[in-house]
Structure formats: structure tokens, C-alpha cells
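Student: I have a sequence and a model open on my screen, and I'd like to walk through the fold with you. Could we begin with how the terms are set?

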Amino acid sequence: MSNKPKVYIDGKEGTTGLQIYERLGGRTDIELLLIDEDKRKDTAERKKLINAADLVFLCLPDAAAIEAVSLIENPETRVVDASTAHRTADGWVYGFAELLAGQRERIKTAKRVANPGCHATGFLAGAAPLVAMGILPADYPVTCYSLTGYSGGGKKLIAEYEAEDRSTLLDAPAPYAIGLTHKHLPEMQKLAGLDHPPVFVPILGDIYKGMATSILLHNHLLKGKPTAQNIYEKLCGYYEGQTMVRMMPFGGEPRVYANALAGKDYLALTVSGHEGQTLITAQFDNLGKGASGAAVQNMNLMLGFKETTGLSVE
């Protein structure tokens with residue numbers, strides 16, 4: 001009888017689920033539970049597998065994720081939820097190990113982990129440490145924009161972008177959620193420790209995967225009026241020794257490409273600017289550190305594996 005941890009992906013057919021399966025399918029240190037194709041929407045069969053698993057990934061719409069949690073009767077079943085449903089909920093641990101002091105240990109011991117949103121990951125990587133270090137005031141009016149690949153929109157958007165007769169409008173970047181009420185805002189505000197949500201606009205680009213999320217700061221409004229170089233040095237210290245969040249050289253290249261880390265599971269931060277203003281840009285794969293890669297990283301922590309097992313970190 002196998003002593004390997006049993007893992008089940010509820011919603012394996014979606015983009016996030018498929019990407020998790022891709023990272024887990026060849027592993028020999030876990031037992032992957034698979035549902036029969038004709039029963040993947042059978043609640044009783046799903047419930048059986050959920051309760052047979054040591055860890056379940058929920059790759060479902062919000063309402064379905066909440067319902068799936070209600071099916072859990074086994075007190076030993078642990079959950080990584082990739083939906084938006086539980087990211088600010090009581091009793092759930094936010095699954096960004098590098099973000100705050102003690103977060104990695106909280107994930108290791110948690111029964112319920114909420115995987116971060118992709119835009120939120122890029123925003124928080126720069127904003128949360130600055131608030132935690134007392135540099136970015138909690139009442140600062142933060143502005144953020146985030147360029148993303150279309151794969152994050154799921155199968156329908158992917159089909160729209162990859163159709164042979166697609167509109168030429170899709171050739172150009174497109175700001176969306178322009179009502180400024182994007183679903184990632186609650187976690188962006190809460191986990192950063194801000195008094196108000198950032199003014200945030202995401203931008204859809206004609207790339208399959210990749211992200212570049214940027215925060216723009218007026219240094220004279222920050223505590224101590226640091227320069228961009230000062231902020232860079234503070235973030236270098238904050239993320240020292242981390243594998244999945246890395247600091248790029250100060251100033252960066254003349255251009256920062258959103259798809260530079262497509263296919264990778266880590267995030268890279270570039271800090272640029274001057275005495276008066278700072279730009280912090282997070283580059284990562286929206287399906288990697290922005291979704292499935294982060295989910296597998298959280299699973300590794302929860303099940304006692306090396307954190308980077310099965311992930312692309314080179």
C-alpha cells in the first residue's frame with residue numbers, strides 16, 4: 001500500500017488545473033487521484049475523491065469552489081483553492097510564501113490555503129514589503145497597472161485570441177476592468193495592509209502567457225523620502241535568500257517585457273527611477289507564479305517536499 005500523499009485536482013480540465021497536472025503528472029513522490037472523464041461533474045464521485053485525498057486543488061469558479069469545500073468530511077484533507085472565493089476569508093492562509101514574515105510557516109501547517117490572484121501577486125510583491133517595512137504609508141494613494149497574457153482569461157478568451165478569423169483589434173493591448181472594480185482588489189488591499197484599494201487597471205496583451213505588473217510611487221510621499229535606489233536596496237534585503245522571488249539589477253533594461261518569464265515559476269522584481277519617483281515592476285508567468293506554479297509551491301510546502309520540486313526555477 002502506497003504511503004505517498006494522495007492529491008486530487010478538482011477542475012483539472014480548466015487552464016489552471018491542466019497546468020497543475022502538467023507539473024505533477026510525472027512526479028513519483030505523490031499519488032495523483034484521477035476522476036473518470038464521464039464522472040467529472042458527478043458530485044458524489046468528486047466528493048469521494050476529495051475525501052480520499054491528502055490534498056485537493058480546487059480549480060473551479062468561486063461558487064463551485066465554495067460548494068467543493070462543503071463536501072469535505074475528512075478532517076485530514078487539506079486544500080489549495082485557486083479561485084477568488086477564499087483569499088480574504090477567515091480561516092484561510094494566503095498562499096504567497098515570500099510575502100510576509102512567517103507566511104511560509106503558516107502555509108506549511110495550514111489546512112486551507114487560498115492561492116493568490118495573478119495581478120495581486122505582482123502588485124503585492126512590491127507593495128506589501130514596503131508597507132511592512134514602514135516605507136509605504138498605509139494611506140498612500142497607490143496606482144498600479146498590469147499587462148497580462150490572454151491565457152488567464154480561460155478557454156473562451158483563449159479561443160477568441162487564437163481564432164483564425166479573430167478581430168484585428170486583438171492585435172493591440174487593451175485595458176479592461178476599466179470600472180476599477182477588479183476582483184483581485186480585496187486581496188491586494190488586505191494583504192498589502194493598505195487603508196484603501198489601489199487604483200488598478202489590468203491590460204490584456206496579445207501574448208499567451210506572461211505578466212508585467214507595475215507600481216508607480218512619488219518618493220516624497222514615502223516615509224523618509226527614499227530614492228529609487230534606496231527602495232531597491234530595501235527590497236533586496238527583504239527578499240534575500242528567496243528562490244521564487246528575485247531582484248533584478250537596479251534600473252533594469254531599457255524595456256521590460258511581459259513575457260520574459262513565460263514558462264518559469266518564479267517572479268523577478270525590477271526597481272527603477274530616481275530621487276523623486278520609483279517604478280517597481282514584477283515580471284512573471286501568469287500561469288506560473290501567478291497561478292499553477294504558486295499552487296504547486298504551496299502543495300510542496302504543505303506536504304513537506306522541497307519547495308521548488310516540479311517547478312521551473314532556472
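Tutor: Let me begin with pairing: two strands pair if DSSP finds at least two bridges between them. Helices (H or I, at least four residues) and strands (E, at least two) are themselves DSSP runs, numbered from the N terminus. With that in hand, Leu269 stands opposite Ala282 in strand 13. Six bridges join strand 13 (residues 277-284) to strand 12 (residues 267-273), and the two run antiparallel.

Student: What kind of model is this, and how are residues numbered?

Tutor: This is a predicted model, in which local features need pLDDT of at least 70 and side-chain atom pairs count only at pLDDT 80 or more, while totals for chains, interfaces and linings use all residues. Residues are numbered from 1 along each chain as its sequence is written, and side-chain values use heavy atoms, with hydrogens and water left out.

Student: How many helices and strands does the protein have?

Tutor: The protein has nine helices and 13 strands. Its radius of gyration, taken over C-alpha atoms, is 19 Å, close to the 20 Å that the globule rule (2.2 Å times the number of residues to the power 0.38) gives for 314 residues, so the protein is as compact as a globular protein of that length. Along the principal axes, the C-alpha atoms fill a box of roughly 60 × 50 × 35 Å.

Student: What order do the strands of the open sheet have?

Tutor: The open sheet of seven strands has the order 8-9-7-10-13-12-11, with mixed pairing. Strand 8 (174-175) and strand 11 (245-247) stand at the edges with a single partner strand each, so one side of each is left without a neighbour in the sheet.

Student: And strand 9, parallel or antiparallel to strand 7?

Tutor: Strand 7 (residues 143-148) and strand 9 (residues 199-204) pair in the parallel sense over six bridges, and the bridge partner of Thr143 in strand 9 is Val199. Strand 8 and strand 9, by contrast, pair in the antiparallel sense over two bridges, where Ala174 has Leu204 of strand 9 as its bridge partner.

Student: Which strands does helix 8 lie across?

Tutor: Helix 8 (residues 228-238) lies across strand 11, strand 12 and strand 13, and runs at about 160 degrees to strand 12. For that angle, axes are lines fitted to C-alpha atoms, for helices over the stretch in contact (heavy atoms within 4.5 Å), and angles run from 0 to 180 degrees between N-to-C directions.

Student: Changing topic: which residues touch the most other members of the largest nonpolar core?

Tutor: Of its 38 residues, Phe123, Leu124 and Leu136 touch the most other members. Such a core is a set of buried Ala, Val, Leu, Ile, Met, Phe, Trp, Tyr and Cys residues joined through side-chain atoms within 4.5 Å, where buried means under 20% relative accessible area, exposed over 50%, and partly exposed in between (1.4 Å probe, protein chains only). The largest share of this core, nine residues, comes from helix 5.

Student: What does Phe123 touch?

Tutor: Not counting residues up to four places away in sequence, Phe123 touches Val142, Cys144, Met188, Ala192, Leu194, Pro198, Thr213 and Ile215. Apart from this core lies another, of 23 residues, among them Ala295, Leu303, Leu311 and Val313.

Student: Back to strand 13: is Thr281 buried or exposed?

Tutor: Thr281, which is found in strand 13, is buried, with a relative accessible area of 5%. Its side chain and that of Ser214 are joined by a polar contact of 2.8 Å. A polar contact is a pair of N or O atoms within 3.5 Å; within protein, one must be able to donate a hydrogen and the other to accept it, and residues adjacent in sequence count only if both atoms are side-chain atoms.

Student: Which residues of helix 2 are buried?

Tutor: In helix 2 (residues 43-52), Glu45, Arg46, Leu49, Ile50 and Asn51 are buried, and the buried residues of this helix pack against strand 1 (6-10), strand 2 (31-33), strand 3 (55-58) and helix 3 (62-70). At the start of helix 2, a side-chain oxygen of Asp42 reaches to within 3.0 Å of the backbone nitrogen of Ala44.

Student: And Asn3, buried or exposed?

Tutor: Asn3, in the segment before strand 1, is exposed, with a relative accessible area of 79%.
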